[in-house]
Amino acid sequence: MLTKQIWTIFACFALTGLLSACGGSSNKDSENAIPDTETETETDKDQVEAPTPESTFKIGLLPDTQGGTDSDNQAHVAMHPMDEVLAHQQKAGVDLVIAVGDLTDHGSTIEFNEWRSVAEPYRDSGMTFLPVMGNHETSYAYTVEWIENMRDFIPEDAVHMHGYEWVNYYVIRDNVLIIGLAYYNLPIAFDWITGVILEHRDDVDHIVVASHDGLIGAKYGQTREQIVDGTKDDNWVYDVQPRIRDFFAEHDVIYVQGHEHQYQRSVVSAKTILTTLPSGSTPTGGNYRMDVYTQIMSGNASYKGYEFRYGERDLVQAIVAQKNATMSGGSQNFDVNSSVLSFTGTRVDYESWFAPHTAQSNDADQDFIADWSLLDKFSRSTNRCEMLIYPTSIPEGTRSVMVLQPEYRSDICISDSGLTAKLIGGENATFNRTDTRTRDMSYTPGISRAESLMDLTRLAYQWLFQVHESWTPNLNSAARIIPNFETEELVIPETTFDLKEHVTLSWLPAANTASEILLISGTQNQTGVYQDDYGAPLDIEAATGLPLSSATGTEKPAVVLPPTASKEWDLATAVSDTYAVSLQLSDDHSDSEHTLAWKIDGQWTELVSHDCRVEGAFDEAFLNEAPTRLESCRTEPVAGFDTDRQLWWVLLNQDIELALITQ
């Protein structure tokens, strides 16, 4: 069966996210195996030469580095994890490091000296720093220590927000606008942010907004803290929150933050997740994106970790990557995280790495060398189509509402020359699972925004959680929140949720190819791991989810994973579920002159030889049983050409770059 076959070189990526060959085949009999070849395709006269290489600008994310206090109640910086992150990012060629707040615990002179002692050698070697203020640097640290110590790190050409100098500012590097904001300053600075982005929108391709916290959190989040659980008539977040979501989605903002001491990547909707339609193209408007923005919680570089509270804010958020380690509650270690955003023209490649450690102080015997593993990644361009692919754990009979799609199917995505790409089959059967813990919220009449328990319930459903009805099913629980009338508290029960995939089809300019390049990303990010709320490992194939975690009101059942699922955090072991993609030729291309190719080690190589390609239309039965081909074709991908429709189709088990080359 095709879904049980492993390609011979999977998940081998260079730091930029490009596919690399890994040597010989591990399964020479696999009908869907990738060929072991490094054959270069010569550039023909009608192939577009590679343009002059565009520069790549790399941003590293430095998570919270607060170290806690020692036996003498003296606070320190977590110097060991901090140094490992910066060393990793320096090796990766990072140009600018965003320190996402909580550099210190108490904002003391000793802590700032410790932080500087680690950062200065990297700054002096050429890395620029862009520090943003966290909640542990407020008050005294702001008026004295913060400016005194960060003035030398904040770039000289930074443009500061009036009245918030040295805490809210922006810089432009290459074609990237980078805005840094202090803790809780996103709503305060929103009008200024809007002006900055509109002023420079035509000058840049990418926008990164960095702050210590954000609208939607894993443990915190301004929406919960200042709106649902907020103070009566205190509307500084309430009045602008929808505008922020809408504006960030419109301008494709990548929002990065710290504060949560755990790693998470999600998309936040401008409207609601269940009304966020998959994107595609229209005859007059071309390709369009989903109305979401990307939010990245950068993880941890400290000596403490947080459990996962409240879970997915499923009304407006879909989580596609989640990992925490608390060294408590069954978790045996902390994680240190290092993430890198690489911008090249209209393209962005992202990789996030983690390393387990048990250090709890700056003592010499606590020092460690990070053993980095790839945790998360994506590659995409500004010209793209995208969709959320839900896991196959959706209960049978669930009403098919808007985006609840476990199949790899998409609308058409059109290149500038008229090539048409489309996902045409497969199911997301390999996914990660995570538990959350029970939390509650309360109200105080006359002080809280909520005047009653039902009013608090209304606010929670209005701003954070999805009401479970047949027409708005909540896959995380049929009872996402429960009013407790005896205690007058709103209970958010512990639950289990399954991660989604954010899959993108992007177009890049031709480069030594006869067509634009189709970049497919997001299919190969999960392996079937399962962890509880504190980060302790569970077995998704043996353990059921927590009670009430299913949309049917029961626990989520254990999962039967495909044989290709590694159940490892390291994405070097990841194999995507078999999916099919089609590429329809435009008037500029013909089957007699061009063939489908894929990129291996930076070179374009014929995807499948002419004798091995299937002649005819795609059949969904091929997803389970490969069509009959010559014995010699068993090492080549399953691909075919539909002459009637002038359409290529191919079965894949990974993210990939495809293009047409001259035969």
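Predicted model: local features only at pLDDT ≥ 70, side-chain atom pairs only at ≥ 80, totals over all residues.
Along the principal axes, the C-alpha atoms fill a box of roughly 75 × 60 × 55 Å. Of the 663 residues, 61% count as buried. When contacts between residues at least 6 apart in sequence are considered, 75% join residues at least 24 apart.

One region is built around strand E28, which spans residues 501–508. This strand is mostly covered, with 8 of its 8 residues buried. In a regular strand the side chains alternate between the two faces of the sheet. In E28, Glu501, Val503, Leu505 and Trp507 point one way, whereas His502, Thr504, Ser506 and Leu508 point the other way. Both sets are buried, the criterion being a relative accessible area under 20%.

E28 pairs with strand E19 (residues 384–389) and with strand E29 (residues 517–521). The E19 pairing is antiparallel and comprises 6 bridges; within it, Ile389 has Glu501 of E28 as its bridge partner. The pairing of E28 with E29 is also antiparallel and extends over 5 bridges. Here Thr504 stands opposite Ser521 of E29.

A separate description applies to an open sheet of 3 strands, arranged in the order E24-E26-E25 with antiparallel pairing. Strands E24 (439–441) and E25 (482–484) stand at the edges; each has a single partner strand, so one side of each is left without a neighbour in the sheet. On average, and with direction ignored, neighbouring strands of this sheet are turned by 30° against each other.

Between E25 and strand E26 (residues 489–492), the antiparallel pairing extends over 3 bridges. Asn484 stands opposite Glu489, a residue of E26. Helix H7, formed by residues 453–463, packs on this sheet and touches E24, E25 and E26. The direction of H7 makes about 35° with that of E26.

Terms used. Residues numbered from 1 in each chain as written. Heavy atoms only, no water. Pairing = 2+ DSSP bridges. Helix = DSSP H or I, 4+ residues; strand = E, 2+ residues; numbered from the N terminus. Axes fitted to C-alpha atoms, helices over the stretch in contact; angles between N-to-C directions. Contact = heavy atoms within 4.5 Å. Buried < 20%, exposed > 50% of the residue type's maximum accessible area, 1.4 Å probe, protein only.
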